[in-house]
Structures are given as C-alpha cells and as structure tokens.
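Biologist: I would like to learn how to read a model like this one, feature by feature. Where shall we start?

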Amino acid sequence: MADTQAVDAKAERRAAKLARQIGAFSKAHGGAEGQVAYLGERGARIVLVGEDGSWGDLVAPTYAIAEQAVRQAGITVHEEFDGEFAAKVTTGPYEWSRMAGIQVGGPKNG
C-alpha cells in the first residue's frame with residue numbers, strides 16, 4: 001500500500017505544479033482557457049490560450065494528471081480545439097514562418 005500512496009503523492013505534486021504553471025500563464029495573459037489532448041504513452045498535452053491571444057502548452061505524464069491540473073487551476077476547458085477556440089489564438093511572424101517552413105520541407109538555415 002505504501003507504493004500506491006507514493007505514486008498518488010507524486011501525481012498530486014505533479015498536478016499541483018502544472019496548476020501553478022497554468023495559473024501563472026493565465027495571470028500573465030489576462031485569463032486563459034485550455035484543451036487537454038491525449039498523447040498516448042507520452043501522457044497528455046494541455047494547450048492554453050490567453051485572453052490576449054497568446055498560447056502555450058504543457059505536457060502532463062497522464063491524462064488524469066492533466067485533467068486534475070486544469071481543474072485545480074480553475075480555467076475553462078474545451079472538449080476540442082475547434083474553430084471558435086482556435087480563432088482566439090493570435091499568430092505572429094514567427095508562427096507563420098515556422099508553418100511555412102514545415103510546408104516546404106523544414107526551416108531554412110541562413
């Protein structure tokens with residue numbers, strides 16, 4: 001039973017750390033909304049979109065920990081990264097150059 005308690009305590013600490021990071025993002029960007037996506041064995045990706053259009057993401061070791069973290073952070077969580085939610089993201093020159101690089105075979109050197 002001690003092993004289960006150690007695993008649970010570790011998961012609680014990881015969720016709390018992620019919740020603090022989500023809270024910091026939210027505070028820095030005037031609020032935030034999120035979406036949790038399952039990544040398979042890698043865990044889950046928490047995509048965050050700030051009220052100012054900034055975005056970022058975090059990776060949790062499990063989907064359950066990701067759900068616990070967003071719940072603790074108190075943000076609105078969307079089922080999908082649909083058009084309405086995605087439209088809140090502001091992209092700049094960096095994002096557009098990265099997307100263009102991906103389309104034509106990767107970033108150019110120089």
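## Turns, strands, core and charge

Modeller: Start with a turn. G40 sits in the loop between β1 and β2. Keep in mind that this is a predicted model.

Biologist: Is G40 buried or exposed, or partly exposed?

Modeller: G40 counts as partly exposed, because its relative accessibility is 22% and the buried class ends under 20%.

Biologist: What phi does G40 take in the hairpin of β1 and β2?

Modeller: A positive one, near 80°. That hairpin has 5 residues between the strands. G40 can also be placed against P61: the two are 21 residues apart in sequence, and their C-alpha atoms are 9.9 Å apart.

Biologist: Which residue has a positive phi in the turn between β2 and β3?

Modeller: G53, at about 95°. The β2 and β3 hairpin has 4 residues between its strands.

Biologist: Now the strands. How many bridges join β1 to β2, and in which sense do they run?

Modeller: 7 bridges, and the strands run antiparallel. For a landmark, find E33, which stands opposite V49 in β2. On to the next pair: β2 and β3 are also antiparallel, over 6 bridges. There, I46 has L58 in β3 as its bridge partner.

Biologist: How many residues of β2 are buried?

Modeller: 6 of its 7 residues are buried, so β2 is largely enclosed by the rest of the structure.

Biologist: How should I read a nonpolar core?

Modeller: The general idea first. In soluble globular proteins, nonpolar side chains tend to be buried together. Here the largest nonpolar core has 16 residues. I22, I46 and L48 have the most contacts inside it.

Biologist: Which elements give two or more residues to this core?

Modeller: They are α1 (2–28), β1, β2, β3 and α2 (63–73).

Biologist: What does I46 touch, leaving aside its neighbours within four places in sequence?

Modeller: Its contacts include I22, V36, L58, A66, A69 and V70. Q35 is also among them.

Biologist: Where does Q35 lie, then?

Modeller: In strand β1. Q35 is buried, because its relative accessible area is 10%. Beyond four places in sequence, it touches R45, I46, V47, V77, H78, E79, E80, F81 and F85.

Biologist: Last topic, charge. What is the general idea?

Modeller: Side chains of opposite charge can pair when their charged atoms come close. A search of the whole structure finds 2 salt bridges.

Biologist: Which residue forms a salt bridge with E33?

Modeller: K88, with the closest N and O atoms 2.6 Å apart. This pair links distant parts of the chain, 55 residues apart. E33 is in strand β1 (residues 32–38), while K88 is in the loop between α3 (83–86) and α4 (93–103).

Biologist: Are E33 and K88 buried or partly exposed?

Modeller: E33 is buried, at a relative accessible area of 10%. K88 is partly exposed, at 38%.

Biologist: Which side chain meets R45 in a salt bridge?

Modeller: D57, at 2.7 Å from N to O. This pair links distant parts of the chain too: R45 in strand β2 (residues 44–50) and D57 in strand β3 (residues 55–60), 12 residues apart.

Biologist: How do R45 and D57 class by accessibility, and why?

Modeller: R45 is partly exposed because its relative accessible area is 30%. D57 counts as partly exposed at 37%.

Methods. Residues are numbered from 1 along each chain as its sequence is written. This is a predicted model: local features need pLDDT of at least 70, side-chain atom pairs count only at pLDDT 80 or more; totals for chains, interfaces and linings use all residues. Side-chain values use heavy atoms; hydrogens and water are left out. A salt bridge is a side-chain nitrogen of Lys or Arg within 4 Å of a carboxyl oxygen of Asp or Glu. Buried means under 20% relative accessible area, exposed over 50%, partly exposed in between (1.4 Å probe, protein chains only). Contact means heavy atoms within 4.5 Å. A nonpolar core is a set of buried Ala, Val, Leu, Ile, Met, Phe, Trp, Tyr and Cys residues joined through side-chain atoms within 4.5 Å. Two strands pair if DSSP finds at least two bridges between them.
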